[in-house]
Amino acid sequence: MPSQRLLDPLFVATEASAFTERHLADLVAGTTAAVRVPGFLAGATRRAIRQALTRLPIAAYDPARVADPIIRFGPALNDYRTLDGGLDHERYWPAADAARAAWSRAGLRPDPVAAALKLLGCAWGEAVQPATVNGRPLFGGTVREINSGALIHYDEAVREVPGLFDQPLVAQLAFNTWVLAPEAGGETKLWRRRWQPEDEQHRHSYGYQSPVTDGAQLLELTPAAGEGLLFAPANYHAIAPAVGRRVALAFFLGLTTRGNLIAWS
Ligand SMILES: [Fe+2]
């Protein structure tokens, strides 16, 4: 007789009408897997972002996948890492400045990134500040269209760019809100599994192959237009291929040693 699979009863998605301090604490502590807030982005805001997308410079994320691209607006720190875990300052800062200028020119009122940060800051009880490097604020608020899926990976700035931020971090959360949700598929797959040194043998392109998550508890989160989602991205996650367009506004939140929240992309 097969043994019954033991599951962590806390590794579930919490649905709420707004993000709260308790949600953020639970995500950091690992006592909830994800928090989703339906209707986080109003319909009018989503339409405004969709219209702005036609005015924003959209860069292909992975030139090797031109037939099936992941496109994004705004620089993500991960794409500007040096081999030794530093920041390619020469490439990053001009891209960050250009993205800020383009975002500002797109003239979104209210600015949905600022609005999202404000709500999260209200939940925490203190305004979210940008992550900084040598006092200079990093860009926060990418818009990404991921229709063909994304490989299993984790995001953990303290490993990827150790010591880069001025603010030391004790935890990292990922925020996403969907401007467009696909007709089907496009689920965020989140495993109750963090990186282990032996996973390096399963590296593949920018991510990892499935043995790293085999047997781990899995949560599948179906994207819904306007929904806000927070999860701890040190857990392995991936995106399933979508039927239709899957466009998300995304940034990371970091909890500092001083109890402040900081944001970057
Ligand atoms: Fe990620």
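How many helices and strands does the secondary structure of the chain come to? The count is five helices and 20 strands. The model is predicted.

**Overall build**

The chain has a radius of gyration of 18 Å, close to the 18 Å that the globule rule gives for 265 residues, so the chain is as compact as a globular protein of that length. Its C-alpha trace spans about 65 × 45 × 40 Å along the principal axes. Of the 265 residues, 37% count as buried. Take the contacts with a separation of 6 or more: residues 24 or more positions apart account for 78% of them.

| Property of the chain | Value |
|---|---|
| Span of the C-alpha trace along the principal axes | about 65 × 45 × 40 Å |

**The core**

In soluble globular proteins, nonpolar side chains tend to be buried together. Here the largest nonpolar core has 65 residues. Leu173, Leu230, Phe231 and Ala263 have the most contacts inside it. Strand 19 (residues 247-256) gives this core its largest share, eight residues.

Ala263 is worth a look. Beyond its neighbours within four places in sequence, Ala263 is in contact with residues including Leu117, Val128, Pro130 and Ala131. Gly140, Phe251, Phe252 and Leu253 are also among its contacts.

**Around Gly86**

Gly86 sits in the loop between strand 4 (70-73) and helix 3 (89-106). Is Gly86 buried or partly exposed? Gly86 is partly exposed, because 14 other C-beta atoms lie within 10 Å. Setting aside residues up to four places away in sequence, Gly86 touches Val161 and Leu164. Gly86 and Glu160 are 74 residues apart in sequence, yet their C-alpha atoms are 8.3 Å apart in space.

Note on methods
Residues numbered from 1 in each chain as written. Predicted model: local features only at pLDDT ≥ 70, side-chain atom pairs only at ≥ 80, totals over all residues. Helix = DSSP H or I, 4+ residues; strand = E, 2+ residues; numbered from the N terminus. Buried ≥ 20, exposed ≤ 12 C-beta atoms within 10 Å, placed from the backbone. Contact = placed C-beta atoms within 7 Å. Rg over C-alpha atoms; globule rule 2.2 N^0.38 Å. Core = buried A, V, L, I, M, F, W, Y, C linked by C-beta atoms within 7 Å.
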